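Here are my notes on the model you sent. They are set out as numbered points, to be read beside the structure.

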Amino acid sequence: MFFGTITELLVHPEYQKQGIGSRLLQLAKDNTPTMLYFGAQPGLETFYEKNGCQKSLQSYMIK
């Protein structure tokens, strides 16, 4: 495997801002042997950036 892709990371609006998305992202990072690419909806870029992701050409990634 060269990389993994998670097309969307969704948390129900009632449960947002409680660290759930950040925890899911960390679990994905901790449990994959490859780079991960994530699709980011417009307006959510700061979520990925504050969680250590780098913007690539069309998505965010964790090395």
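**Notes on the model**

1. The accessible surface of the protein chain is about 4900 Å², by the Shrake-Rupley method with a 1.4 Å probe. Carbon and sulfur atoms hold 55% of that surface.

2. This is a predicted model, in which local features need pLDDT of at least 70, side-chain atom pairs count only at pLDDT 80 or more, and totals for chains, interfaces and linings use all residues. Residues are numbered from 1 along each chain as its sequence is written, and side-chain values use heavy atoms, with hydrogens and water left out.

3. The protein chain has two helices and four strands, in the order β-α-β-α-β-β along the sequence. Helices (H or I, at least four residues) and strands (E, at least two) are DSSP runs, numbered from the N terminus.

4. The C-alpha atoms fill a box of roughly 35 × 25 × 20 Å along the principal axes. Of contacts (heavy atoms within 4.5 Å) with a separation of 6 or more, 54% are between residues 24 or more positions apart.

5. Of the 63 residues, 24% count as buried, meaning under 20% relative accessible area (1.4 Å probe, protein chains only).

6. The largest nonpolar core has seven residues: Leu25, Ala28, Leu36, Phe38, Tyr48, Cys53 and Ile62. Helix 1 (20-30) and strand 2 (35-38) are the elements that give two or more residues to this core. A nonpolar core is a set of buried Ala, Val, Leu, Ile, Met, Phe, Trp, Tyr and Cys residues joined through side-chain atoms within 4.5 Å.

Terms used
Buried means under 20% relative accessible area, exposed over 50%, partly exposed in between (1.4 Å probe, protein chains only).
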